[in-house]
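Welcome, and please open your viewer.

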Amino acid sequence: MINTPIGVYKLYRKGIKMEEKEYISYRVDNQINWYDKKSIRYKKCHNFITICSILFSTSGSMITILGYIFTELKTAFSVFGAITGFTVAFMLALDKLKNFHEHFLTYRSTCEKLKQEKYLFLTKSSDYHDNEAAFNLFVERCESIMATENQNWAQLNEKKKD
């Protein structure tokens with residue numbers, strides 16, 4: 001067998017049988033790592049936008065109050081208040097447009113499902129116990145998990161186009 005991820009994947013796509021370790025290492029572990037990194041990235045983006053929105057929205061209220069206290073600077077405080085309101089609206093719209101929270105949840109779920117299948121297979125638990133076709137079942141389940149996530153992603157992108 002070819003020991004590069006791309007080489008193994010090409011063999012897999014052509015229907016050539018792969019060894020268990022190769023499949024786990026080059027297909028499952030790579031996908032687990034990819035989904036894990038993406039879920040962390042999207043969670044950070046969502047949390048950053050949420051925290052900034054909270055800070056800007058609360059500071060906008062304070063800026064308005066300061067405009068009434070310091071009447072000579074009322075115009076400047078009004079402009080800053082409007083800017084913070086615009087910033088909050090922009091950030092929340094960006095979060096909604098990019099679906100950071102939804103992607104985080106989907107990618108985290110897929111990552112955890114793949115990990116669960118991997119650990120069930122490695123420990124020969126559940127349906128993998130005393131099953132001669134355990135590896136085939138493992139591959140089918142992992143590919144099904146990944147295919148389902150890909151279909152969900154495609155449907156989400158179709159909604160954006162409409």
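How many helices and strands does the secondary structure of the chain come to? Color by secondary structure: this predicted model has 5 helices and 0 strands. Traced from the N terminus, the elements read α-α-α-α-α.

Now show the surface. The chain exposes about 10900 Å², with 60% of that supplied by carbon and sulfur atoms. Of its 162 residues, 32% count as buried.

Next, turn to the charged side chains. Side chains of opposite charge can pair when their charged atoms come close. The structure holds 7 salt bridges, and we will visit some of them.

Select D29 and K118. Their salt bridge has its closest N and O atoms 2.6 Å apart. This pair links distant parts of the chain, with D29 in helix α2 (residues 20-69) and K118 in helix α4 (residues 100-122), 89 residues apart. K118 is buried, because its relative accessible area of 14% falls under the 20% cut-off.

Then select D36 and R108, another salt bridge, where the closest N and O atoms are 2.5 Å apart. Here too helix α2, holding D36, is linked with helix α4, holding R108, across 72 residues. D36 is partly exposed at 23% relative accessible area, and R108 is partly exposed at 21%.

Finally, select D127 and R141, whose side chains meet in a salt bridge (2.3 Å, N to O). D127 sits in the loop between α4 and α5, while R141 belongs to helix α5 (134-161). Relative accessibility is 39% for D127 and 26% for R141, and D127 and R141 each count as partly exposed.

Methods
Residues are numbered from 1 along each chain as its sequence is written. This is a predicted model: local features need pLDDT of at least 70, side-chain atom pairs count only at pLDDT 80 or more; totals for chains, interfaces and linings use all residues. Side-chain values use heavy atoms; hydrogens and water are left out. Helices (H or I, at least four residues) and strands (E, at least two) are DSSP runs, numbered from the N terminus. Buried means under 20% relative accessible area, exposed over 50%, partly exposed in between (1.4 Å probe, protein chains only). Accessible areas come from the Shrake-Rupley method with a 1.4 Å probe; for residues, only the protein chains shown count as cover. A salt bridge is a side-chain nitrogen of Lys or Arg within 4 Å of a carboxyl oxygen of Asp or Glu.
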